[in-house]
Amino acid sequence: MALVINKKLRSCFKTALLALVSVTLVACSSANKPNEFTASELKQSKLVTLPNAQVIVTFPEANPSSREYVNNRGTFKAYKGRGQLLIQNNNAISADIFINNQKLNITNQLAANTLYEYSLARRTHNGVNTFKVENIKPKGASLTLRFEFPALNTAAQSNIDFSQVDALIEKDIQAGFPGAVLAVIKSGELIKLSAYGDAKQYQQSDLMLLRPEPMQTHTLFDLASNTKIFATNFALMKLVSEGLLNINKPVQSYLPEFKGDGRELRTVKDLLTHTAGYPPVFDFHRKGAKTGDAYFSQNSQTTKQLLLTQVPLSNKYPAQAVYSDIDYMILGVLVERITGQPLDDYLEQHIYAPLKLTNTVFNPLKKGFKRAEFAATELSGNTRDGRITFENIRTNVLQGEVHDERAFYSFNGVAGHAGLFSNAPDLAVLCQVLLNQGGFGNTQLFSASTLAQFVTPQLNNETYGLGFRLAGNNQARRWHFGPYASAQAYGHTGWTGTVTVIDPTYDLAIILLTNARHTKIKGSQKHYQFLGKQYETAQYGSGVSLIYEALLNQKIIV
C-alpha cells in the first residue's frame, strides 16, 4: 500500500529536510489515516523544501519528439544496491515507471499533490541507469521524478590488494619519511583509507619528540595549492551555475578597480588558465624582496588593494600560460566581491556545511581545532632552518597554521591560492561531488555543464583546464597522474605534499596527503632541499601509479 505524508510531520520540517513517505511500505508517521497535503499547503508552507537532485524531469514531456522511442526516457547515475527516487505526483492516479526496464511495484492509486519516496536498491547497477514512464492516467495528468545524487559508502569492505603501494610508503617511513594518509574512492565506495607514520616528529628545529604524534586517518592537512580546486574552484563553479559569474567577462566587470596597464583586457578565464601575465609568486609579506618595499603588506585589506591595482603583469596579451598564485589570489577576492562574504565564510556556509563537512576549514586554530589534530609542516616556521628572515616571521614548528607565507602573513590565513585545511574523509566527499558532476545526495553545488567547462583542455596546453590540472594525452604530467590515468583525469598538487586525482573514466579518485616538509633541510644558503621531498612517496606519480596498477591488474577497472 502506498502511504502519503501526514500533517504531523510538519514539526520534522524544521530540520530543513523534507520528510518523505516510502512507497515500499515504510511510513514516516504511525497515524492510521494520514491526511494529504493540499496543493495550497504545498505551495504556501515555508517549511516545505524539495531537495536538489541530479535529474529532475516531468512527464509527459512538454515538447515530445516525433520519434516514439525517445520520449519519456532518460538516464541517471547510481551504484548497485543504492539509490532513491522521489516521485512528486501532481494529479495522476497511476503511471508505469521503469528502472532499467523493470517496472516499479506501485499498485495503489496515487494521491494528488503528494510526494513518495521509492528505494531503488533492488534495481540499480554501477554507472548509467535508465528510466522511462508510460501510461500516465488520467489523460492530461503529470508527475515529476527526482533522482538523488549518489552518496559515498564509507563502510565498504574491500579485499583489493594494495600491498605494493603500502610497501612503498612503509619503506619510506622506515627510512625517515614522516607520514601520509591515502584514500581511494571507486564507484561510490571508499575502498581504501590508510594512515602511515607520524603526523608530528619534531618539537623544534632538529629536536625530535620523545613520543612522535602518530598519523591518523582523520588527521587534517595543510592542502596548499589544492585549495585552488577544493575551495576557490568549487565557489566559482557554484557562482557560474547560479548565473552570478561569467568567466568570459573582464575581471573589471566584478572588480571595478582592476584597471590600468592592460588589466581591463584580462578576463576571468585568463586568471583560471594562468594566461593573465602574472608571475608565479609575489612576496607581499617581506621587505627587501625583488618586488620592492612599496609592495610590502602584512594586512589582508592592504594586500588586496595592492593585488588589484599595483602588481605588475606582462605587457603581452594574451600571455603564455605561467602557473601563478597571483591569479588565484585575485579569484579569491572576486568570490568575496560577488558573494559579499569573506571567502572562508562563503565556502564553509555554502559549500562544506550542506555536505556536512566539519573538517574542511580556513584558520582552524581560530575555530576550535587543536594543534594535535594536524599534520605538522616546516620545523622552523618559514625560516628554512634559519636561511630566511623577515618581519614577524614564525620560528616554531608549524601545525594547524597555513605554511604558505603569502596566505598567512599577507591574507591573514584566507586566500584563493592556499589556506584550506582538510582530511581524507572530507576530501573523499568532495571528490565524489566531482565524480557525480556537481552533487551529493540531496545537495547540488554546481551543474554538470559547468564542471565540463572547467575540465575541458585549453587549446594551447592540454594540461590546463580552468584551474584544474589535466592528465591529457601527451603524458606531460606523468609525474602527477602516472602512466595509467585516462586522458579525462584531472586534479592538483600542493606544495606541502598533497596530491589529488579524479578520473571520471574509471569513476575513481585518489587522495594522497603527506607532511613531506616536516623534515630537516639540507643544502647551502640559496640551494637547499627538504629531505622529505627526496622520498618516492613525495614524488606523487609513483604512489598514484601503484594504485592504478592494483585496480587494473585485479580487473577492478578495465
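The lining of the largest cavity is made up, by class, of 2 nonpolar, 3 polar and 5 charged residues. In this classification Ala, Val, Leu, Ile, Met, Phe, Trp, Tyr, Cys and Pro count as nonpolar, Asp, Glu, Lys and Arg as charged, and the others, Gly among them, as polar. The structure is a predicted model, in which local features need pLDDT of at least 70 and side-chain atom pairs count only at pLDDT 80 or more, while totals for chains, interfaces and linings use all residues. Residues are numbered from 1 along each chain as its sequence is written, and side-chain values use heavy atoms, with hydrogens and water left out.

The largest cavity has a volume of about 60 Å³. Its lining consists of Ser 205, Asp 206, Glu 378, Leu 379, Ser 380, Arg 384, Asp 385, Thr 519, Lys 520 and Ile 521. Cavities and pockets are found on a 1 Å grid over the protein atoms alone: a cavity is a set of points where a 1.4 Å probe fits but cannot get out, a pocket is an open set with protein on both sides within 12 Å along at least five of seven lines, and lining residues have an atom within 4 Å of a point. Grid points are joined across faces, edges and corners, and a volume is the space filled by probe spheres set on the points.

In total, the structure holds 2 cavities of 30 Å³ or more. The second largest cavity contains about 40 Å³ of space. Around this second cavity stand Lys 304, Met 329, Gly 332, Val 333, Glu 336, Leu 343, Phe 411, Val 414, Ala 415 and Gly 416, which divide into 6 nonpolar, 2 polar and 2 charged residues. Helix H6 (residues 325–339) gives the most to this lining, with 4 residues. Helices (H or I, at least four residues) and strands (E, at least two) are DSSP runs, numbered from the N terminus.

Helix H8 and strand E18 (490–494) each supply at least two residues, and E18 gives the most, with 3 residues. Arg 384 itself lies in the loop between E13 and helix H8 (405–410), and has a positive phi of about 50° although it is not a glycine.

Strand E13 leads on to the sheets. Strands of a sheet pair through backbone hydrogen bonds, either parallel or antiparallel. An open sheet of 3 strands has the order E12-E14-E13, with antiparallel pairing; two strands pair if DSSP finds at least two bridges between them. Strand E12 (221–222) and strand E13 (361–362) are the edge strands, each pairing on one side only. E13 is joined to strand E14 (residues 420–422) by 2 bridges, and the two run antiparallel. Here Val 361 stands opposite Phe 421 in E14.

Another open sheet has 4 strands in the order E2-E7-E4-E5, again with antiparallel pairing. Its edges are E2 and strand E5 (102–103), each of which pairs on one side only. Within it, strand E4 (residues 94–99) and E7 pair in the antiparallel sense over 5 bridges, and Ile 97 has Val 133 in E7 as its bridge partner.

One joins Phe 59 and Pro 60, with omega about -5°; Pro 60 lies in the loop between strand E1 (55–59) and strand E2 (73–78). A cis bond also joins Lys 137 and Pro 138, with omega about -5°, and Pro 138 is found in the loop between strand E7 (127–137) and strand E8 (143–147).

Finally, there is a helix pair to describe. The axes of helix H2 (residues 163–175) and helix H12 (residues 541–553) come within 8 Å and cross at roughly 160°. Axes are lines fitted to C-alpha atoms, for helices over the stretch in contact, and angles run from 0 to 180 degrees between N-to-C directions. The crossing therefore makes H2 roughly antiparallel to H12; angles under 35 degrees count as roughly parallel, over 145 as roughly antiparallel, 65 to 115 as roughly perpendicular and the rest as oblique. The contact (heavy atoms within 4.5 Å) is made by Gln 164, Val 165 and Leu 168 of H2 and by Ser 542, Gly 543, Leu 546, Ile 547 and Glu 549 of H12. By class, this contact has 4 nonpolar, 3 polar and 1 charged residues.
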